[in-house]
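Here's a quick briefing on a few spots worth a look. Have the sequence and the model open as you go.

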Amino acid sequence: MQPTAAALTKARGRLGPEAMEGLLETSCTSSLPAAEQAPWGYFHGLRKLAIDGFCMNVPKTPENVAAFGMPSNASGPAGYPQVRVVALAETGTRALQGAALEGLGVGEQPLARQLWPRLGPGDVVVGDRNFLSYEDLTAILATGAHAVMRVKAGVDLPVSRRLSD
């Protein structure tokens, strides 16, 4: 006998978010072999990871509206409640290394700060300009990892040295 999708959804609801969080936590492990066996997953010997954020619609229930919030425009709330997600993944295997979720009222940077401790020596993380701040860069470097982040237009970075090429 195979359970229906509805039965699985109801069972997941009975378990609560803690069980699903535990499942995610135990599933987020590196599956990348050494650089010699999987050169596509490394850059100069560093394991490549990427971080990004997105929003997902969730069912429109009073509980979800209260927990996550609704997107809005000049006319007021619109559509469905949304969950903001920031995910950290290996680029070579696409294996998820961690995810942080909150309502729309929480930005991507605070969520990313929950994921920086998952980095370590031998890692390089790539992110868009939203993830570049002094606080985040300091947190990444404190793990022993490296960072490659886009910079917002208008940020004046000093030239530390010119290379011959």
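Let's start with isoleucine 140: leaving out residues up to four places away in sequence, it touches Trp116, Leu119, Val125, Ala145, His146, Ala147 and Met149, where contact means heavy atoms within 4.5 Å. This is a predicted model, where local features need pLDDT of at least 70 and side-chain atom pairs count only at pLDDT 80 or more, while totals for chains, interfaces and linings use all residues. Residues are numbered from 1 along each chain as its sequence is written, and side-chain values use heavy atoms, with hydrogens and water left out.

**The core**
- Ile140 is among the residues with the most contacts inside the largest nonpolar core, which has 15 residues; such a core is a set of buried Ala, Val, Leu, Ile, Met, Phe, Trp, Tyr and Cys residues joined through side-chain atoms within 4.5 Å.
- S2, S5 and helix H4 (108-113) are the elements that give two or more residues to this core; helices (H or I, at least four residues) and strands (E, at least two) are DSSP runs, numbered from the N terminus.

**A buried aspartate**
- Aspartate 136 sits in helix H5 (residues 134-142).
- Its relative accessible area is 0%, so aspartate 136 counts as buried (under 20%; exposed is over 50%, partly exposed in between, with a 1.4 Å probe and protein chains only).
- Not counting residues up to four places away in sequence, aspartate 136 touches Gln109, Arg113, Trp116 and Phe131.

**Positive phi in loops**
- Histidine 44, not a glycine, has a positive phi near 50°; it lies in the loop between strand S1 (42-43) and strand S2 (46-57) and is exposed at 74% relative accessible area.
- Arginine 94 isn't a glycine either, yet its phi is positive, about 65°; it's in the loop between strand S5 (82-90) and strand S6 (96-103), exposed at 75% relative accessible area.
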